Amino acid sequence: MDIPQIQEVLQAYCVSTFPEWAGGEVTDLRQISTGWESDVYAFDLLHGSPQARAREALILRIYPAQDAYEKAAREFDALVRLYRCGYPVPEALAMEREAPVFGQPFMLMRR
């Protein structure tokens, strides 16, 4: 998928998965890393009323590797546990494993 396709799918996913982001718009999507473990994208999600737009600085990690499901699950679970214990790690927001939107497992987290 190219950046415009990822942006379109990502925006639809965010708006449908997070009701508090209704009317959200993905902006400034850019790939910041690529490799065999994961492809990493940074983006902003603007949401809220036109008079009071809020911005979420987020990260999308797509796991294209052979053991993508297991690697994504381990990383997501570790981030959630560390965040809950107060360690300075990004908050992991969502992970899709079963029916990946991007054709591979992926995770969303705060930047």
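**Notebook: salt bridges, a histidine and the sheet**

I began with the side chains of Arg 53 and Glu 25, which meet in a salt bridge with N to O at 3.8 Å. Arg 53 lies in the loop between strand S2 (39-47) and strand S3 (54-62), and Glu 25 in strand S1 (residues 25-33), so this pair ties together parts that are 28 residues apart in sequence. Arg 53 is partly exposed at 36% relative accessible area, and Glu 25 is partly exposed at 37%. A reminder to myself: this is a predicted model.

**Entry: the other salt bridges**

How many salt bridges does the whole structure hold? My search of it gave 7. I looked at two more of them in detail.

I went to Asp 44 and Arg 111 next, whose side chains form a salt bridge at 2.6 Å, N to O. This pair links distant parts of the chain, with Asp 44 in strand S2 and Arg 111 in the segment after strand S5 (106-110), 67 residues apart.

Then I turned to Glu 56, which forms a salt bridge with Arg 110; their closest N and O atoms are 2.4 Å apart. Because Glu 56 lies in strand S3 and Arg 110 in strand S5, the pair ties together parts 54 residues apart in sequence. Glu 56 counts as buried at 15% relative accessibility, and Arg 110 is partly exposed at 29%.

**Entry: His 47**

A polar contact of 3.0 Å joins the side chains of Glu 56 and His 47. I found His 47 in strand S2, where it counts as buried at 9% relative accessibility. What does His 47 touch, leaving aside its neighbours within four places in sequence? I listed Glu 20, Trp 21, Ala 22, Gly 24, Ala 52, Arg 53, Ala 54 and Glu 56. Arg 53, where I started, is therefore one of its contacts, and Arg 53 is partly exposed.

**Entry: the sheet and its helices**

I wanted the strand order next. The sheet is open, has 5 strands in the order S1-S2-S3-S5-S4, and its pairing is antiparallel. S1 and strand S4 (92-96) stand at the edges with a single partner strand each, so one side of each has no neighbour in the sheet. On average, neighbouring strands here are turned by 20° against each other, direction ignored.

I checked the pairing of S3 with S5: they run antiparallel and are joined by 5 bridges. Arg 61 stands opposite Met 107 in S5. Helix H1 (residues 3-17) packs on the sheet and touches S1, S2, S3, S4 and S5, its direction making about 125° with that of S1. Helix H2 (residues 68-84) lies across S3, S4 and S5, and runs at about 160° to S4.

**Entry: cysteines**

Last, I looked for disulfides. With sulfur atoms required to be within 2.5 Å, the count comes to 0.

Definitions and conventions. Residues numbered from 1 in each chain as written. Predicted model: local features only at pLDDT ≥ 70, side-chain atom pairs only at ≥ 80, totals over all residues. Heavy atoms only, no water. Salt bridge = Lys/Arg side-chain N within 4 Å of Asp/Glu carboxyl O. Helix = DSSP H or I, 4+ residues; strand = E, 2+ residues; numbered from the N terminus. Buried < 20%, exposed > 50% of the residue type's maximum accessible area, 1.4 Å probe, protein only. Polar contact = N/O pair within 3.5 Å; in protein donor to acceptor, adjacent residues only side chain to side chain. Contact = heavy atoms within 4.5 Å. Pairing = 2+ DSSP bridges. Axes fitted to C-alpha atoms, helices over the stretch in contact; angles between N-to-C directions.
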